[in-house]
Amino acid sequence: MAHTQTEETATATAIAVPLPMTGNEALARGAWQAGVEVAASYPGTPSTEIMEALGEYPSADLHAQWSPNEKVALDVAIGAALAGVRAACTMKHVGLNVAADAFMSLTYIGVNAGLVLVVCDDPGIHSSQNEQDTRLLARMAHVPVLEPSDAQEALDFMGLAFDISERFDTPVIVRSTTRLSHTRSLVQVGDRRTVAPRPFVADPTKAVMIPAHARLRHPLLLEREAEVGSFLADPALAQAEGGDPTFGVITAGLAFTYVKEVVGNAPVLKLAGSYPLATDAVEAFCDTVDRVFVVEELEPVIEEAVGRLGIEVEGKQWFPRVGELSPLLVATGFASAGVLEAPPETGAWEVETVVRPPVLCAGCPHVSSYLATRAVGVQVAGDIGCYTLAAIEPLEAIDTTVSMGSSIGNAIGMAKAGTAPHPVVATIGDSTFLHAGLPALLDAVYNLANITVLLLDNGTVAMTGGQDHPGTGRTLRGEATHRVNYEELCRAVGVDWIRRVDSYDLAAVHQALREGTEYEGVAVIISDRPCVLDPVKIVGPAFRVDSEACTACQSCMNLGCPAILWSDETLEGKHKVRIDEAACIGCSLCVQVCPTDGFVPVLTDERS
């Protein structure tokens, strides 16, 4: 459905020709059209492109920024909204965990001008450490959740979300998922609204959350929740389609598209908001059908809310609580419930997929650090980033990875437990360190921990596509700004032993790690090389294998470099290696591990 704007909302002037947009681009466009003036985010798949797209709109229209973490981003948005302008904050689902402290208090305070959080869940765990459902946190905070089902609704619901936010003085979540965020479809766009700033209202009983004030605000929050639920029951938002009353389906978000593909003539109630429940619309719909099903991705949020109304409802006994839904899964669920025929067999095709294990890029500067941890023999607490791939073959050099910024704190605990058989090392990327690692480093110094921190500085937020952060010296819009000096930062919190090494100098990395782990106290090693892909791909003179010199020792295969391949040539039953010169960037790590000088540079004229 497309949102029909209220009388209070200025109708955008439509452009005749729809534009192809991903869900994330449509969410950004919707925020811009709604008159957002301040937007802040920390990159995280599948939400990253929303802020990148907002950064493409004129700076005269809005301020858009990367923040060091999601809590800071939300605090920035809160400040802007309280100051009277519309604000947006975007993040992935686990980012809301980081912002939860401010989020849970904000819901008591309210917003003044509209404040919308776009939170992108990851059903199927395509690029996350868990599969949590944002709606559960929203329910705990009593914050409304809108769920668009396609890119057009992603745009439209942003305007609706800002209207709800201001009408009910509440933050609002627009929930996306990986499939919606990254799928492209045609979107009818409009012009930007002009929204007059609201005056800042100095009211400590509303905006200062000491216990006495919070006790006054909590009952008001519950009243607001009921009012929003009634608003979401409007037929323009809770859209009911009639049909054969044998069974009916309540759904929201992307699940609606799967339902419509498989249920035929069954009645469907499509909710614009999954929380709070549009009770009046749900009860009226359920009175018209014999059996009630709820189809939703991940947790039974809507299903349980319907059940609390005393309505007999079915859902998760037929549809999975894990992974993404699909038309086939939805059809199979209805068939298991006995209301639809089983879906036809997909055919007798036997497709053998090509095995493509995830690996670090050719020339990745993180490889040397993990080779060193294996060689020195240490216990490694890892962190969130592309370097987490060092946990799998062939590097197999990470023992734990818990959450964003956990590595240093985990290492402190391991060291203090006194049970680690080896020196304890925390590995953490530069952006992750600024996101959540710095407080743990302060803790390590303060509590006299005996750990080594390998700070993997590749000068970007690499895993999400090369975004900037306070350590790059550039803002979201590419403006020059202050660049964090990691040595000075570490010294400021009390670290005395600091070394900066070239990530491509294997001997230097090994030596620094040995010395760091022998040091009594907190040691920090900064492994320094830019990411080979972002912001630009780095390509140097390639290497090739001298087949005569190669002894098939296969030491170079321990690098896990995708440019190093098996050769058809063998020696004593073992394969020699070769290099894909098109993929090689000339980092020379293979040269340094080869015991026989089997790698030689490709001359420039040869490569051309």
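Q: What counts as a salt bridge here, and how many does the structure hold?
A: A salt bridge is a side-chain nitrogen of Lys or Arg within 4 Å of a carboxyl oxygen of Asp or Glu. This is a predicted model, in which local features need pLDDT of at least 70, side-chain atom pairs count only at pLDDT 80 or more, and totals for chains, interfaces and linings use all residues. Residues are numbered from 1 along each chain as its sequence is written, and side-chain values use heavy atoms, with hydrogens and water left out. The number of salt bridges in the structure is 25.

Q: How far apart are the N and O atoms in the salt bridge of Asp163 and Arg193?
A: Asp163 and Arg193 meet through their side chains in a salt bridge. Asp163 belongs to helix H6 (residues 151–168), while Arg193 sits in the loop between strand E8 (184–187) and helix H8 (204–207), 30 residues apart; helices (H or I, at least four residues) and strands (E, at least two) are DSSP runs, numbered from the N terminus. Asp163 and Arg193 are buried, a word that means under 20% relative accessible area, with exposed over 50% and partly exposed in between (1.4 Å probe, protein chains only). From N to O, the distance is 3.4 Å.

Q: Which residue forms a salt bridge with Glu296?
A: In this pair the closest N and O atoms are 2.8 Å apart. Glu296 lies in the loop between strand E13 (291–295) and helix H12 (301–307) and its partner in helix H5 (residues 134–141), so the pair ties together parts that are 161 residues apart in sequence. Both residues are buried, and the partner of Glu296 is Arg135.

Q: Why does the pair of Asp528 and Arg500 tie together separate parts of the sequence, and how many residues apart are they?
A: The side chains of Asp528 and Arg500 form a salt bridge of 2.8 Å, N to O. Asp528 is partly exposed, with a relative accessible area of 29%, and Arg500 is partly exposed too, at 36%. Because Asp528 lies in strand E18 (residues 522–528) and Arg500 in strand E17 (residues 497–502), the parts that they tie together are apart in sequence by 28 residues.

Q: What is the mean pLDDT of the protein chain?
A: The pLDDT is the predictor's confidence in each residue, from 0 to 100, and 96% of the residues in the chain reach 70 or more. Over residues 1–15, however, the pLDDT is below 50. Where pLDDT is low, the predicted coordinates should not be read in detail. For the protein chain, the mean pLDDT is 92.

Note on methods
Contact = heavy atoms within 4.5 Å.
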